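Welcome to this short tour. Please take a moment to look over the chain before reading on.

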Amino acid sequence: MSTATASAAIAATTAELEARIRQAPQKFRVMTGDRPTGPLHLGHYFGTLHNRVRLQGLGVDVFVIIADYQVLTDRDVADRLGEHMEGMLLDYLAVGIDPARSTVFNHSAVPALNQLMLPFLSLVSVAELNRNPTVKDEIAHSRQSAVSGLMFTYPVHQAADILFCKGNLVPVGQDQLPHLEVTRTVARRFNERYGAVFPEPEALLSDAPLLLGTDGTKMSKSRGNSIALGADADETARLIKGARTDAERYITYDPENRPGVSSLVLMAALCLGREPHAVAEEIGGGGAAVLKRTVTEAVNSRMAPIRARRAEYAQDMGYVRSVLRAGNERANEFASATLDEVRGVMGT
């Protein structure tokens with residue numbers, strides 16, 4: 001199958017799924033989340049966060065996990081974990097995650113969820129885990145000289161995250177599809193072996209283009225090349241000023257041949273709600289200086305209300321922590337019920 005044909009097929013499948021969501025949002029439960037390894041950034045906002053708010057608004061039951069246990073998959077210790085978790089909570093609330101309509105919880109607070117891992121691990125082979133391309137990429141970018149066994153079991157850990165609440169819809173990027181396929185495999189094999197318990201979750205593919213970091217590589221918390229949602233206007237300006245461009249003065253949108261310049265153009269376009277080619281054409285011969293000024297103004301304008309809400313929530317951390325406590329309570333109810341059901345069908 002050609003790339004164009006594959007892309008058309010994915011687009012058609014996504015459109016059909018979106019239509020079903022709009023028609024009957026109550027039939028879907030989304031499971032998604034992030035590892036608290038550092039501040040959430042613009043890549044998270046345009047790639048996932050605004051989509052969670054959209055689905056929440058449609059009436060989909062949204063579960064958002066702060067995956068604190070999974071911090072250890074590619075590092076020896078969980079540095080500043082409490083700080084990162086609270087920062088993540090502030091970001092979620094600031095972008096519009098509503099605790100009345102979405103459940104935010106942290107991994108370590110739901111022990112029954114983790115107890116699902118053992119039976120799930122029995123359903124996949126070492127060879128299947130070893131050839132997961134996403135795991136291979138994460139190992140390549142790991143901070144560790146030798147990765148732990150947690151890295152190889154990471155996809156099964158994610159399967160437990162998704163299936164404990166019987167999530168049937170997972171918003172993912174193309175690079176995360178192998179992980180979701182492990183979850184579908186686990187669900188299917190469990191149902192075949194013990195009886196129908198779990199849905200096989202569907203992938204809701206994001207159409208958000210990839211935002212590169214200021215160094216021209218993938219924007220990432222761990223690579224120090226991102227613009228955090230909590231960054232102020234001055235820090236944003238400094239980071240964008242130092243972003244990598246190229247020697248050609250005339251600005252064009254050409255992601256394949258001019259990735260650094262094009263990512264900056266795309267960042268401005270997303271913030272302005274415009275088409276990237278039009279933004280590039282408008283800047284034209286203004287060069288990198290005008291491009292960076294345009295991006296800075298666009299980002300700071302788009303993020304201003306989010307930063308204001310974040311600052312307000314930061315003044316009442318008691319409320320912020322209560323959101324997590326309530327989410328943990330609901331997640332524990334789901335996890336305990338699912339674990340009881342699993343034990344029942346397995347006869348354990």
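Is glutamate 341 buried, partly exposed or exposed? Glutamate 341 is partly exposed, as its relative accessible area is 30%; here buried means under 20% relative accessible area, exposed over 50%, and partly exposed in between, using a 1.4 Å probe and protein chains only.

Before we go further, a word on the model: it is predicted, so local features need pLDDT of at least 70 and side-chain atom pairs count only at pLDDT 80 or more, while totals for chains, interfaces and linings use all residues. Residues are numbered from 1 along each chain as its sequence is written, and side-chain values use heavy atoms, with hydrogens and water left out.

**The chain as a whole**

The chain holds 14 helices and five strands. These are DSSP runs numbered from the N terminus, with helices (H or I) of at least four residues and strands (E) of at least two. Of the 348 residues in the chain, 48% are buried.

**Salt bridges**

A search of the whole structure turns up 18 salt bridges, each being a side-chain nitrogen of Lys or Arg within 4 Å of a carboxyl oxygen of Asp or Glu. Three of them are set out below.

| Pair | Closest N and O atoms |
|---|---|
| Glutamate 18 and arginine 54 | 2.8 Å |
| Arginine 101 and aspartate 98 | 3.1 Å |
| Glutamate 341 and lysine 166 | 2.6 Å |

Let us return to glutamate 341, whose salt bridge is with lysine 166. This pair links distant parts of the chain, 175 residues apart: glutamate 341 sits in helix H14 (residues 317–346), and lysine 166 in the loop between helix H8 (149–163) and strand E4 (169–172). Lysine 166 is partly exposed too, at 27% relative accessibility.

Glutamate 18 forms its salt bridge with arginine 54. Glutamate 18 belongs to helix H1 (residues 3–23) and arginine 54 to helix H2 (residues 42–58), so the pair ties together parts that are 36 residues apart in sequence. Glutamate 18 is buried, with a relative accessible area of 13%, whereas arginine 54 counts as partly exposed at 34%.

Elsewhere, a network of salt bridges links Glu181, Arg184, Arg188 and Glu200.

**Around aspartate 61**

Where is aspartate 61 placed? You will find aspartate 61 in strand E2 (residues 61–66). Aspartate 61 is buried, with a relative accessible area of 17%. Its side chain makes a polar contact of 2.9 Å with the side chain of arginine 29. A polar contact is a pair of N or O atoms within 3.5 Å; within protein, one must be able to donate a hydrogen and the other to accept it, and residues adjacent in sequence count only if both atoms are side-chain atoms. Leaving out residues up to four places away in sequence, aspartate 61 touches Phe28, Arg29, Val30, Arg101 and Arg330. Arg101 in that list is also the salt-bridge partner of aspartate 98.

Terms used. Contact = heavy atoms within 4.5 Å.
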